[in-house]
Amino acid sequence: MPQPGTLGTVNEPVIELAGLRKSFGRITAVDGLDLTIRRGEVVALLGPNGAGKSTTIDLTLGLSTPTAGTAQLFGDTPRAAIVSGQVGAMLQGGALLPTTTVRESVALIAAVHRSPLTVDEALRRARCTEIADQKVAKLSGGQTQRARFAVAIVSNPELLLLDEPTAAMDVEARRTFWESMREYTDEGRTVVFATHYLDEADTFADRIVMLRAGRIVADGTPTQVKAIVSGRRIRATLPGVDETDAAGIRSLPGVTSLELRGDRLELDAEHSDDTLRALLGRFPALRDIEVTARSMDDAFLALTEGGAR
Ligand SMILES: Nc1ncnc2c1ncn2[C@@H]1O[C@H](COP(=O)(O)OP(=O)(O)OP(=O)(O)O)[C@@H](O)[C@H]1O
């Protein structure tokens, strides 16, 4: 196992989840995840509310016991990796002591680790120098997140797990946060963050793992995942449309699905301009045409219906 603060071999698995499952009574929050994350990857866990992102992070950190399967960090138990200072985490609602200052909070954590950053360095990296002497209880939402980030990185960890780190931040605070994160990932560290936002995942991750109902529905580069999510939905009326027409529509360029309700058709297309041109060329009687961006939920649904990975 590499020592804290030293970067090990590239491509070494940092996180290995195998058959990971977690049920709460009748609810299965995580439903058989197999996932390997390697050193240096910046991975977004992207999914809607209740997709299982937080539960996955908790299981990965050993904060909760799996119903089945295993979670390993650096080839060992999560606990061993955490004790060795290799892992930093920023969880939703993770507490800072309200009566301490930001600097004191960071110093408290630094004191229990073997080779921490200096407190000043952690504060600088998390853009907390100016709020270092403020009491935690007096911080704004965005400032609190920055302080929690300073606490998460002070052990100088190889792996950071962040559960919706920018949840309480406005646009400017988000920008600053990701700028400080970039400094961290540029050093070849591994970062996994949960988010609802495709644009955040797209800008900051080099791999996106999409979760829905506790399962992985897509896993790829932002370009690959965006191609799935950014398709368009075309709705139109085609008087007298029949099954033969439908087969013709399905074979048009970029069409990924088609539904017919009477004369009304609804189709998903990857490149809607090309599809629409072809559609109008073949069916000039097409009218009441609407083209809308597919919502993230539609994309998730399309992914699970298609069983895509
Ligand atoms: N301690 C718990 N007891 C019962 N159900 C739970 C518990 N923790 C999570 N769940 C349920 O498990 C499912 C997954 O929740 P989880 O918090 O992991 O999702 P999430 O993707 O992080 O959602 P969010 O974006 O809202 O944080 C949800 O249906 C949630 O209600």
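Me: Why does A293 count as partly exposed?

Reply: Because A293 has 13 C-beta neighbours inside 10 Å. The rule is that a residue is buried if 20 or more other C-beta atoms (placed from the backbone) lie within 10 Å of its own, exposed if 12 or fewer, and partly exposed in between. So 13 lands in the in-between range, and A293 counts as partly exposed.

Me: Before we go on, what sort of model is this?

Reply: A predicted one: local features need pLDDT of at least 70 and side-chain atom pairs count only at pLDDT 80 or more, while totals for chains, interfaces and linings use all residues. Residues are numbered from 1 along each chain, as its sequence is written.

Me: How confident is the predictor, going by the mean pLDDT of the chain?

Reply: The mean pLDDT (the predictor's confidence in each residue, from 0 to 100) is 87, and 90% of the residues reach 70 or more. Over residues 1–6, though, pLDDT stays under 50. For the complex, the predictor gives an ipTM of 0.97 and a pTM of 0.78.

Me: Where is A293 in the chain?

Reply: In strand 13, residues 287–293. The chain has 11 helices and 13 strands. S272 is 21 residues away from A293 along the chain, with 9.8 Å between their C-alpha atoms.

Me: How is the chain divided into domains?

Reply: Domain 1 covers 13–219 and domain 2 covers 231–293. Those bounds come from an automatic or database domain assignment. The two centres, taken over C-alpha atoms, are 43 Å apart.

Me: What makes P222 buried?

Reply: P222 has 20 other C-beta atoms within 10 Å, so it is buried. P222 is in helix 8, residues 222–229.

Me: Which residues is P222 in contact with, leaving aside its neighbours within four places in sequence?

Reply: A201, D202, A205 and I208. Two residues are in contact if their C-beta atoms, placed from the backbone, lie within 7 Å. By comparison, R21 is 201 residues from P222 in sequence and 26 Å away in space, C-alpha to C-alpha.

Me: And why does M210 count as buried?

Reply: M210 has 28 C-beta neighbours inside 10 Å, so it counts as buried. M210 sits in strand 8, residues 207–212. Across the chain, buried residues make up 40% of the 309 residues.

Me: Which members of the largest nonpolar core touch the most other members?

Reply: M210 is one of them, along with A122, A150, I153 and L161, in a core of 67 residues. The largest share, 6 residues, comes from helix 5 (residues 141–153). A nonpolar core is a set of buried Ala, Val, Leu, Ile, Met, Phe, Trp, Tyr and Cys residues joined through C-beta atoms within 7 Å. Not counting residues up to four places away in sequence, A150 touches V102, V106, A122, L123, A126 and C128. There is also a second, separate core of 11 residues, including A236 and L279.

Me: Which residues are around the ligand?

Reply: They are F24, I27, A29, G47, N49, G50, A51, G52, K53, S54 and T55. A residue qualifies if its C-beta atom, placed from the backbone, lies within 6 Å of the molecule.

Terms used:
Helix = DSSP H or I, 4+ residues; strand = E, 2+ residues; numbered from the N terminus.
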